[in-house]
Amino acid sequence: LFVASLIAVPVIFAYMPEDYFMRVARGFPKRRPFRQFLHILKNLFGVLLLLCGLILLLLPGQGILMIIIGISLIDFPGKHQLQLRLIKMPKVRNSVQWIRAKVHHKPLILPG
């Protein structure tokens, strides 16, 4: 988990669109069996990342950042507000902006 978080988390935040947190939720996929299957897989992967992030809070690693990535994959009411509350934490925001600056990408645009 530690090694995976060291590799995956910076890559995901580095290449995340700068306006990701300004976008409006798209809603649920249309009623097509394959799209529903992919939607379920995406949510299961998000739950797995969320659990890994919770474990990484206790172990060495980037727990909060992994939790934000997991939450971004899961669909539930209030998701956007929770993401914003986590990303606006000063240490988290500074870490993410530092990662993006290292790869010469613009900082994330956050509302408010």
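Visitor: Which residues in helix 3 are buried?

Guide: This is a predicted model, to start with. In helix 3 the buried residues are G63, L65, M66, I67, I68, I69, G70, I71 and S72.

Visitor: And what does that say about how helix 3 sits in the rest of the structure?

Guide: Helix 3 is largely enclosed by the rest of the structure, because nine of its eleven residues are buried.

Visitor: Where does helix 3 run, and at what angle does it pack with helix 5?

Guide: Helix 3 covers residues 63-73, and it packs with helix 5 at an angle of about 80°. The two axes are 10 Å apart.

Visitor: Why quote both an angle and a distance?

Guide: Two packed helices are described by the angle between their axes and the distance between the axes. Here, helix 3 and helix 5 are therefore roughly perpendicular to each other.

Visitor: Which residues meet there?

Guide: From helix 3 there are I64, L65 and I68, and from helix 5 there are V92, V96 and I99. By class, the residues of this contact are six nonpolar, no polar and no charged.

Visitor: Back to helix 3. What does L73 touch?

Guide: L73, which lies in helix 3, touches K42, N43, F45, G46 and L49, leaving out residues up to four places away in sequence. L73 and L50 are 23 residues apart in sequence, with their C-alpha atoms 9.3 Å apart.

Visitor: Which residues of helix 2 are buried?

Guide: In helix 2 the buried residues are H39, N43, G46, L49, C52, G53 and L56. N43, G46 and L49 were also named among the residues that L73 touches.

Visitor: Why would residues three or four places apart point the same way?

Guide: Because an α-helix has 3.6 residues a turn.

Visitor: How far apart are the ends of helix 2, and what span should it have?

Guide: Helix 2 has 26 residues, 33-58, which at 1.5 Å a residue should span 38 Å. Its end C-alpha atoms are 39 Å apart, and that agrees.

Visitor: What about G53, buried or exposed?

Guide: G53 is in helix 2. It counts as buried because its relative accessible area is 0%, and the cut-off for buried is under 20%.

Visitor: What is G53 in contact with?

Guide: G53 is in contact with G63, M66 and I67, leaving aside its neighbours within four places in sequence. G63, M66 and I67 are among the buried residues of helix 3. The C-alpha atoms of G53 and L65 are separated by 7.4 Å, and the two residues are twelve apart along the chain.

Visitor: And Q36, how exposed is that one?

Guide: Q36 is also in helix 2. Q36 is partly exposed, with a relative accessible area of 29%. From Q36 to Q62 the C-alpha distance is 31 Å, and they are 26 residues apart in sequence.

Visitor: Different topic. Where is Q83, and what does it touch?

Guide: Q83 is in helix 4, residues 79-87. Not counting residues up to four places away in sequence, Q83 touches Y20, F21, I68, I71 and S72.

Visitor: Is Q83 buried or exposed?

Guide: Q83 is buried, at a relative accessible area of 3%.

Visitor: What about N94?

Guide: N94 lies in helix 5, residues 90-102, and is partly exposed at a relative accessible area of 48%. N94 and P107 are 13 residues apart along the chain, with 9.9 Å between their C-alpha atoms.

Visitor: What is phi of H104?

Guide: Phi of H104 is near 60°, a positive value in a residue other than glycine. H104 lies in the segment after helix 5 and is exposed, with a relative accessible area of 72%.

Visitor: Now the whole protein. How many helices and strands?

Guide: Five helices and zero strands, in the pattern α-α-α-α-α along the sequence. The radius of gyration is 14 Å, close to the 13 Å that the globule rule gives for 112 residues, so the protein is as compact as a globular protein of that length.

Visitor: What box do the C-alpha atoms fill?

Guide: Roughly 40 × 30 × 25 Å, taken along the principal axes. Of the 112 residues, 31% count as buried.

Visitor: What share of the contacts comes from residues 24 or more positions apart?

Guide: They account for 61% of the contacts with a separation of 6 or more.

Notes
Residues are numbered from 1 along each chain as its sequence is written. This is a predicted model: local features need pLDDT of at least 70, side-chain atom pairs count only at pLDDT 80 or more; totals for chains, interfaces and linings use all residues. Side-chain values use heavy atoms; hydrogens and water are left out. Helices (H or I, at least four residues) and strands (E, at least two) are DSSP runs, numbered from the N terminus. Buried means under 20% relative accessible area, exposed over 50%, partly exposed in between (1.4 Å probe, protein chains only). The expected span of a helix is 1.5 Å times one less than its number of residues. Axes are lines fitted to C-alpha atoms, for helices over the stretch in contact, and angles run from 0 to 180 degrees between N-to-C directions. Angles under 35 degrees count as roughly parallel, over 145 as roughly antiparallel, 65 to 115 as roughly perpendicular and the rest as oblique. Contact means heavy atoms within 4.5 Å. Ala, Val, Leu, Ile, Met, Phe, Trp, Tyr, Cys and Pro count as nonpolar, Asp, Glu, Lys and Arg as charged, and the others, Gly among them, as polar. The radius of gyration is taken over C-alpha atoms; the globule rule is 2.2 Å times the number of residues to the power 0.38.
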